[in-house]
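Keep the structure open beside the text as you read.

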Amino acid sequence: MQYGFGLIGCGRIANNHIKAITSMDSARLAAVCDIDDARLAAAKEQYGCQTYSDYCEMLKNPGIQIVNICAPSGLHARMAIDAMNAGKHVLVEKPMAMSLKEAAAMIAAAEKNGVKLGVVHQNRFNKAIVKLRRALEEGRFGKLTHGALTVRWHRDKNYYDQAPWRGTWAQDGGCLMNQSIHNIDLLQWMMGPVESVFAYTATNAREIEGEDAAVAVLKFKNGAFATIEASTTVYPCNLEETLHLFGTTGTVGVGGVAVNKIEAWRFEGVDEAVVLTDQDKEPPNVYGFGHYDIIRDFTDAVASDRRPAVPGEEGRKAVEIILAIYHSVTYREEVKLPLTEKFTIGVGI
Ligand SMILES: NC(=O)c1ccc[n+]([C@@H]2O[C@H](COP(=O)([O-])OP(=O)(O)OC[C@H]3O[C@@H](n4cnc5c(N)ncnc54)[C@H](O)[C@@H]3O)[C@@H](O)[C@H]2O)c1
């Protein structure tokens with residue numbers, strides 16, 4: 001079967017979705033929606049698909065089975081719930097929602113309507129990450145002792161000025177909720193579940209409501225811990241996004257500009273030099289190569305009625321950790337998980 005896709009939000013990330021959809025035999029770009037007329041006109045000319053300025057109108061189109069949400073983050077929950085109530089499967093960009101209440105409502109809407117809900121954490125498909133995950137599942141690390149992640153990126157004033165939603169508490173958050181959520185997702189996928197969080201954040205250099213720098217310590221239920229260091233003020237350009245895992249019998253470091261390149265691979269009996277020479281090239285930008293894989297996986301999940309690689313329940317986990325970090329900063333205390341739904345972004349900050 002060929003699935004009709006409807007995409008909401010024709011901005012920066014939409015191209016990665018459209019490129020994937022239009023290159024898959026099992027997918028067809030049926031329609032796009034945006035409130036910006038110029039972007040709609042450009043999409044119509046380039047892809048010849050139907051266009052809508054009101055996503056609720058697009059949801060009435062019976063030729064659409066899957067809706068990809070690429071609109072500002074603060075709109076994800078409302079759009080996703082409306083789409084699922086209209087009987088569509090939904091693949092939503094990260095962060096899936098701005099609060100746990102929203103995330104819970106999205107997960108409930110998928111359940112109620114018998115449709116799939118997937119979250120775009122495409123870095124789970126990075127070749128280096130797939131290899132790391134396999135090593136972990138095979139027990140090659142022994143007992144995990146600790147981990148560390150960095151997101152050392154550059155987002156200048158022009159980046160934040162290009163759309164009014166960027167850096168706001170209502171629609172975006174800061175360098176954790178926007179840029180670092182992918183790596184936090186990977187960290188918790190490898191080491192979770194998280195027991196508690198303590199953090200500092202700051203808005204050092206950019207005129208935004210959210211944070212442009214953060215450090216946090218995570219304690220996991222398995223006794224391991226990890227550090228997070230994230231910022232969007234690294235001068236003068238993106239430096240790296242790294243994930244390190246340490247265990248009693250293994251050490252792995254994945255770096256590159258977007259956690260795509262193995263930098264250390266140490267297990268007993270392994271020739272690290274061979275692993276390090278057998279590498280993918282750096283992606284052209286920090287979005288990486290994973291959108292094709294995650295959209296293909298989601299389409300397969302719909303076709304075969306199985307769980308997608310990153311269902312709503314998984315996407316919720318990184319949101320919960322980031323909200324716990326925000327609360328640790330606000331109340332200057334260690335925050336224990338699970339959080340209740342009353343924890344929302346920006347409360348008291
Ligand atoms: N997975 C990734 O690596 C990745 C990378 C970049 C962005 N994102 C996420 O994708 C989302 C969009 O980011 P972006 O950088 O493309 O933003 P953007 O501002 O470039 O694009 C958003 C688009 O949504 C449109 N829009 C706003 N309100 C709308 C509405 N009510 N109905 C229809 N369209 C509407 C805007 O006009 C704009 O064209 C964000 O949630 C962001 O976090 C994910």
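## A tour of the model

The buried residues of helix H5 are Leu100, Glu102, Ala103, Met106, Ile107, Ala109 and Ala110. Buried here means that 20 or more other C-beta atoms, placed from the backbone, lie within 10 Å of the residue's own C-beta. This is a predicted model, in which local features need pLDDT of at least 70, side-chain atom pairs count only at pLDDT 80 or more, and totals for chains, interfaces and linings use all residues. Residues are numbered from 1 along each chain as its sequence is written.

Helix H5 covers residues 100-113 and spans 20 Å from its first C-alpha to its last, close to the expected 20 Å. That expectation is 1.5 Å times one less than the number of residues. Helices (H or I, at least four residues) and strands (E, at least two) are DSSP runs, numbered from the N terminus. The cover over the buried residues of H5 includes helix H4 (76-85), strand S6 (117-120) and helix H11 (312-331). Just after H5, Gly114 has a positive phi of about 65 degrees.

Now to the domains, whose bounds come from an automatic or database domain assignment. Domain 1 takes in 3-120, and domain 2 takes in 124-284 + 318-336. Their centres, taken over C-alpha atoms, are 27 Å apart. Nine residues of domain 1 and ten residues of domain 2 make the contact, where contact means C-beta atoms, placed from the backbone, within 7 Å.

Next comes a sheet. Eight strands form an open, mixed sheet in the order S13-S12-S11-S7-S10-S9-S8-S14. Strands S13 (261-267) and S14 (335-336) are the edges, each pairing on one side only. Two strands count as paired if DSSP finds at least two bridges between them.

| Pair | Sense | Bridges |
|---|---|---|
| S7 and S10 | parallel | seven bridges |
| S11 and S12 | antiparallel | five bridges |
| S12 and S13 | antiparallel | six bridges |

Thr150 has Glu229 in S10 as its bridge partner. Val254 in S12 stands opposite Leu243 and also opposite Ile262 in S13. S11 and S12 form a hairpin with two residues between them. The hairpin of S12 and S13 has five residues between the strands, and Gly256 there takes a positive phi near 80 degrees.

Which residues come nearest to the ligand? Of the 25 around it, they are Gly9, Gly11, Arg12, Ile13 and Glu93, where being near means a C-beta atom, placed from the backbone, within 6 Å.

Key:
A residue is buried if 20 or more other C-beta atoms lie within 10 Å of its own, exposed if 12 or fewer, and partly exposed in between; C-beta atoms are placed from the backbone. Two residues are in contact if their C-beta atoms, placed from the backbone, lie within 7 Å.
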